[in-house]
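Hi there,

As promised, I'm handing over the structure we talked about.

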Amino acid sequence: MQNQAYSSRQLALPLASVFAAIILTIGTLLGSSGAANAQQTTASSDRIWHDLKGDVFGDRAILVDTGVVRIEAPKRAQDAAIVPVDIYLDPAKAPDGIKSVTLIIDANPAPVAATFQLGKDAGVTHLSTRVRVNDYSYLRAIAETQGGQLHMVQTFVKASGGCSAPAVKNQDEANATMGQMKLRQFPPKETMTKTEELQLMIRHPNNSGLQRDPLTQYFIPAHFVQKLSISQAGRPILSMEGGISISEDPNFRFDFTVHGKGEIQVEAIDTDGKTFRNQWPLETAGL
Amino acid sequence: MSIDRLRRRLVSGFACTAASAALLPCCLGRAAAGNLGFSLRQIADGVFAFQGTDELMTAANDGAICNLGAVVGTDAVAVIDSGGSLIEAHAFLAAIGKVTAKPVRFLVNTHMHPDHIFGNAAFREIGATIVGHRNLPRALDARGVFYLHNYREQLGEALMERVEIVSPTRLVDDHLQLDLGGRTIELRAWKAAHTDNDLTVFDTTTRTLFAGDLVFMGSLPTLDGSLLGWLRQMDALTAIDAARVVPGHGPVTADWPQALAGERRYFEVLARDIRKAIADGTPLREAVKTAGGSERDNWHLFDDYNERNATAAFAELEWE
């Protein structure tokens, strides 16, 4: 059963994007290699990371627990398919600014969950999303400063117990509603501030590609949102390159600095090459 | 047979003697396997059920946590769910053999969860046709490897050793009738609720409804499909003209449709709390810590599953 799953990842490679190919290959080599029987521990998760980091960051130095980036997730995943994770960035600790943050889940089949690029003057200090967690694993956030320094934090998440699995719950609904988007705008808590919070929701199964078609017995290719960009009137706020570790119906909540009154624009592209676009006027209450 | 397994059999045989003494009046079929003993109770004419224990699946309970059923016709037996381990499945088959000589021709899986399907291989081995919802093979393909891996820790190597994910070969699109000789059972495929592959079995002769995990009593329901779908289908469930129900978890037989009241109330409370959190802008991670909390004293396993249910409910209700 395990071996079949591994070969499915390899089968999926030509069909997925280059980014997907990289993360799936890493998953094949490392993500589950030690996971056939025992669950991961902090030590085995660290070993996976040790072997993985060169593929993602080369031989660059990675600073740990510097305060530039902070991560929060539940100690135990409740629903393996929907594990909330919060990443906080402290611009005061990175005077040259933070360029990107990468979220890694060591023990997942695709450990690189997502890389987020932050708009230069977007002022993003908090980003939360939801991920699949297949096994006991560290979740890591690695922030890269404009100067190219890497800063990492990590938190250990125990996999959910019971019959909770990191799979799509209602596949028919997921297929039927794909591409719908919803944007919630949360007015600033204080007046006179230009910081607003947004929550972007996209309907998409974000399928793993690890399942067979019951009729043909062929593996269904991975199908997920691989690129997402969020901007205000053409000015980038946040963009993402992501994979199958992001939960179905990808969901991102983040703060940003409002510039003028231009509308919020979103473009998402999935591995089938489908492009989903939407835009919403800025709700300026409180400004 | 390994020494470990032999010891398990001996110990469990002993346990069964003790357990069956307490259940004597209704304990018709017993088999000396399974840590807790395995007793089949006749709940209507030719209709038998096994009551799972209100616990998580563990090595100590052989994974025997859900209710199982058997309907006996003049030609054949249909079994409802295979149990959470091969040990449980073999004990189940042995118990059936003590109440009827008819062959087990059908195994009906009510949905994808391990406590209901880990015993499937035992029924494939005896040549039974395995029947399930049209979505069940897809759901098992997406989860099978994960289930086998995840439960190895929880159930232990010995119990998991020969467990396989065995998909149904006969699928139910909407309705399907199975003729057991002299009686017919009606299978009905539901839209996403507990899972996206829920199937119920109705014995027309005695009007007994095997609801699978569409009905939980005592143990907290788990949400792995659609909260809105479950609530939307409550009325259709209620409308089934059953004399009694065998819920997926809880007492082995209960009045119908009163049996639905508890879970309906829980889901309505959970939906209300989650909707309020969403309206207030409370993030998921905060909202799930308190949502549904007023139901804590009404359920077994509340702390094991409520936060998970709240998480799934939040992700679903955000789209309303």
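This is a predicted model: local features need pLDDT of at least 70, side-chain atom pairs count only at pLDDT 80 or more; totals for chains, interfaces and linings use all residues.

In chain A, A:S100 stands opposite A:Q117, a residue of β5(A). The strands around it are β4 (residues 98–105) of chain A and β5(A), which run antiparallel and are joined by five bridges. Together β4(A) and β5(A) make a hairpin, with six residues between them.

β5(A) has another partner too. Strand β12 (residues 235–242) of chain A is joined to β5(A) by five bridges, and these two strands also run antiparallel. Here A:A114 is the residue that stands opposite A:G242 in β12(A). How well covered is strand β5 (residues 112–118) of chain A? Mostly covered: five of the seven residues of β5(A) are buried.

The chain has 287 residues, and buried ones make up 48% of them. If you take the contacts in chain A between residues at least 6 apart in sequence, 70% of these join residues at least 24 apart.

Now to where the chains meet. Contacts between them involve 37 residues of chain A and 39 residues of chain B. On the chain A side, the elements giving two or more residues are α1 (2–12), β3 (83–89), α4 (171–177) and β9 (181–186). Which of them gives the largest share of the side that touches chain B? It is α4(A), with three residues. By class, that side of chain A divides into 15 nonpolar, 13 polar and nine charged residues.

One residue of chain B that I looked at in detail is B:Q154, which sits in helix α5 (residues 136–155) of chain B. Leaving aside residues up to four places away in sequence, B:Q154 touches B:M57 and B:T58 in chain B, as well as A:G161 in chain A.

On annotation, UniProt lists residues 65–249 of chain B as "domain: Metallo-beta-lactamase", in an unreviewed entry. Over those residues the chain is 32% helix and 29% strand, with the end C-alpha atoms 7 Å apart.

The domain assignment of chain B gives domain 1 (3–256) and domain 2 (258–320). Between them, 24 residues of domain 1 are in contact with 21 residues of domain 2. The domain 1 side of this contact draws two or more residues from each of β12 (208–216), α7 (227–232), α8 (234–238) and β13 (244–249) of chain B. Among these, α7(B) gives the largest share, four residues. That side of domain 1 has 17 nonpolar, five polar and two charged residues.

Those are my notes for now. Do write back once you have had a look.

Best wishes

Key: Residues are numbered from 1 along each chain as its sequence is written. Chains are lettered from A and ligands numbered from 1 in the order in which they are written. Two residues are in contact if their C-beta atoms, placed from the backbone, lie within 7 Å. A residue is buried if 20 or more other C-beta atoms lie within 10 Å of its own, exposed if 12 or fewer, and partly exposed in between; C-beta atoms are placed from the backbone. UniProt positions are given in the numbering used here, feature names are shortened, and annotations may be inferred rather than shown by experiment. Two strands pair if DSSP finds at least two bridges between them. Ala, Val, Leu, Ile, Met, Phe, Trp, Tyr, Cys and Pro count as nonpolar, Asp, Glu, Lys and Arg as charged, and the others, Gly among them, as polar. Domain bounds come from an automatic or database domain assignment.
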